[in-house]
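Good morning, and thank you for the time.

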Amino acid sequence: MNLILIGVVLAVIGVVVGWFKWFMASREVEKLLKTTAILQEEKATLQQQKAVVETQVKNYQVKQNNEKNARNIDRTAIVDQLHAQGDLRD
């Protein structure tokens, strides 16, 4: 009788310990899933911001080049370019 009682108690303790470990593992998985979702949203936001900044940098570089070219060009070169493009009226 005592042997059966010890076996039942050990089985109950094993079930309780197993259930507790499963419960803690499921909580950890839910926590990790929430963290992953938050990080994915932040990643998407950062990618959008990166694209905007890259576009701004490219636009700034083009502006710099245009300003540099505009400073270095003289009146006759401008007239020649307009003639070549067909934008200057004779």
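Predicted model: local features only at pLDDT ≥ 70, side-chain atom pairs only at ≥ 80, totals over all residues.

E54 is partly exposed, with a relative accessible area of 46%; on this scale, buried means under 20%, exposed means over 50%, and partly exposed lies in between, with a 1.4 Å probe and protein chains only. Residues are numbered from 1 along each chain as its sequence is written, and side-chain values use heavy atoms, with hydrogens and water left out.

The partner of E54 is K50: the two form a salt bridge, with their closest N and O atoms 3.9 Å apart. The criterion is a side-chain nitrogen of Lys or Arg within 4 Å of a carboxyl oxygen of Asp or Glu, and the count by this rule is one salt bridge. K50 is exposed, at 53% relative accessibility. Why are E54 and K50 separated by about one helical turn? Because they are four residues apart in helix 1.

Helix 1 also holds V52, which is partly exposed at 45% relative accessibility. From V52 to W19, 33 residues apart along the chain, the C-alpha separation is 50 Å.

W19 brings me to the aromatic residues. How many aromatic pairs does a search of the whole structure find? It finds one. The pair is W19 with F23, stacked, at 5.4 Å centre to centre and 15° between the planes. Rings of Phe, Tyr and Trp (its six-membered ring) pair if their centres lie within 6.5 Å; planes under 30 degrees apart are stacked, over 60 edge-to-face, and the rest tilted. W19 and F23 are about one helical turn apart, because four residues separate them in helix 1, which covers residues 2-72. F23 is partly exposed, at 32% relative accessibility.

V17 is likewise found in helix 1 and is partly exposed, at 41%. Together with L5, I6, V9, L10 and I13, V17 makes a nonpolar surface patch of about 540 Å². Patches here take residues with over 30% relative accessible area and no salt bridge, joining like charges within 9 Å and nonpolar side chains (Val, Leu, Ile, Met, Phe, Trp, Tyr) within 5 Å.

Finally, the overall form. The chain has two helices and zero strands, these being DSSP runs numbered from the N terminus (helices H or I, at least four residues; strands E, at least two). Its C-alpha atoms fill a box of roughly 120 × 20 × 10 Å along the principal axes. The radius of gyration is 36 Å, whereas a compact globule of 90 residues would have one near 12 Å; the value is taken over C-alpha atoms, and the globule rule is 2.2 Å times the number of residues to the power 0.38. Of the 90 residues, 0% count as buried.

Conventions. Areas by Shrake-Rupley, 256 points an atom, 1.4 Å probe, with all protein chains shown as cover.
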